[in-house]
Amino acid sequence: MASGSENFIHVGRAQRVSFGGGTLAMLDSELERLGSRHALLLTTGGQGDLASRVIAASGGRIARWHAGARMHTPVSATEAALAELRALQADALVSAGGGSATGLGKALALRTGLPHLSIPTTYAGSEMTPILGETVDGRKTTMRDPALLPATVIYDVELTLDLPAALSAASGMNAMAHAVEALYARDANPLTDLMAEEAARALAAALPAIVIDPRDREARWRALYGAWLAGTCLGTVGMALHHKLCHVLGGSFDLPHAQTHCIVLPYVVAYNAPAARPAMARLARALGDPDPAMALWAMVQRLGVPRALGELGMPASALEEVVRIADQNAYWNPRPADPAALTVLLRRAHEGSPPAS
C-alpha cells in the first residue's frame, strides 16, 4: 500500500467494456451505439468459424470480412486493408481474434478516424491500450496515441474455449509480462500496482488449469479477467526492458510474439530483481513463491510451450545484434541495461537454462 506521502498521476481511459459469457450477442446493439451500419470485419487467415459467429451476431451490420491481419502489424498489410476499407466506404471497424487483428484495427482507426470495436479471443491485452507496434523494413516501432484505443471491447469467455492449450498458455504468459513490468514501471501508481498483482495472481492460477482442461470455464474466466487487468496496466504505464527485447526479437527476427514473451520473461525478472525489490515482493505474493524468476521459469516448463529462443529458430550468432538494436532506442528500466549482461541473459534464454539469480 502506498504511504500518505507519495504523489502520483493516474490517467484513465474512456472505453466501454462488456465482459462475461455470451456477450458476443451484444455486438449488434454495440455497433448501433457506435452509429455503424456498414462495418469491416478484420481477422487473421484461417478464422472462418470465428468470422461466421461474429457476422451472425452483427445483425447485418458487418458488410465485409477482411482476413489479412498479420503478426507485428506490417505496414504493407495495413495498406492493403486500407484500400479495401476505402473501396467499401465502411463506417466502423470490428477486429476479432488475437493481437494481430487488434493491431490492424488500431492501425486503420488511426489512419481513418473510424470507431473500432475489438473482440479479443486470446489474452494479448492490446485491446486495452492506446499503443501500436508497426513493422517497417524489418524494424518494429511503437507509437502511443489516444486515437488507437478501441472504443468498445467485447470479452466473451465462450470465444476462448477452443483456443489451443499451448497457444492459451503462451498468450497468457504474454499477459503476465504486462503485469510484471507494470509492477516496476517508472510511472506505476497504487491503482496499477493493485491491478498488476491481481492480474498475475489470476493468470498464475488459470494457465496450468487450462493446459489440463482447455474447456474449464472457470479457468478461462480467470485468464480473461487477468488479461483484461494486465492489458489495462499495459495501456496505463510504460513498459521496460522485457518489452524492448521482445519487440526487437519479433520485429527484426520475425519470432512469434506470444511465445517470445513467454520465453524471455523469467530472465528479465531475474535481471531486474535486485533493482525492483518492492515489485518483486508483490510478484512473489501473487505467484506464491519467494523467487518470482524461478517460479515463472518453472511455470513455462509445465505449460507445454516453447522454452528456449533456439526452439523458435533464433540464431545464436544474432544475440549481440539484438542487444545492439535494443540499445539504439532503449526503454527506461529499473536496472541499467548493460550490453554484456544482456547478452548473457539472451544466451540463457536461447538455451532455455534456468535464469541466473
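Which residues touch the most other members of the largest nonpolar core? In this predicted model, they are Met173, Met176, Leu283 and Leu309, within a core of 82 residues. Lying apart from that core is another one, of 18 residues, including Leu34, Ala57, Val94 and Ile154. In soluble globular proteins, nonpolar side chains tend to be buried together.

Take Met176. Beyond its neighbours within four places in sequence, Met176 is in contact with Ala200, Leu203, Ala204, Leu265, Leu287, Leu296 and Met299.

Next, a helix pair. The axes of α10 and α11 are 9 Å apart, and the helices pack at an angle of about 40°. The crossing of α10 past α11 is left-handed. The table lists the residues that make the contact.

| Helix | Residue range | Contact residues |
|---|---|---|
| α10 | residues 277–287 | Met280, Leu283, Ala284, Leu287 |
| α11 | residues 292–302 | Pro292, Ala295, Leu296, Met299 |

By class, this contact has eight nonpolar residues, no polar ones and no charged ones. Leu283 of α10 takes part in it, and Leu283 is also among the residues touching the most other members of the largest core.

Elsewhere, Thr102 sits in helix α4, residues 99–112. Is Thr102 buried or exposed? Its relative accessibility is 2%, so Thr102 counts as buried. Leaving out neighbours within four places in sequence, Thr102 is in contact with Ser95, His116, Ser118, Ser126 and Glu127.

Key. Residues are numbered from 1 along each chain as its sequence is written. This is a predicted model: local features need pLDDT of at least 70, side-chain atom pairs count only at pLDDT 80 or more; totals for chains, interfaces and linings use all residues. Side-chain values use heavy atoms; hydrogens and water are left out. A nonpolar core is a set of buried Ala, Val, Leu, Ile, Met, Phe, Trp, Tyr and Cys residues joined through side-chain atoms within 4.5 Å. Buried means under 20% relative accessible area, exposed over 50%, partly exposed in between (1.4 Å probe, protein chains only). Contact means heavy atoms within 4.5 Å. Axes are lines fitted to C-alpha atoms, for helices over the stretch in contact, and angles run from 0 to 180 degrees between N-to-C directions. Helices (H or I, at least four residues) and strands (E, at least two) are DSSP runs, numbered from the N terminus. A crossing is left-handed if the near helix is turned anticlockwise from the far one by less than a right angle, and right-handed if clockwise. Ala, Val, Leu, Ile, Met, Phe, Trp, Tyr, Cys and Pro count as nonpolar, Asp, Glu, Lys and Arg as charged, and the others, Gly among them, as polar.
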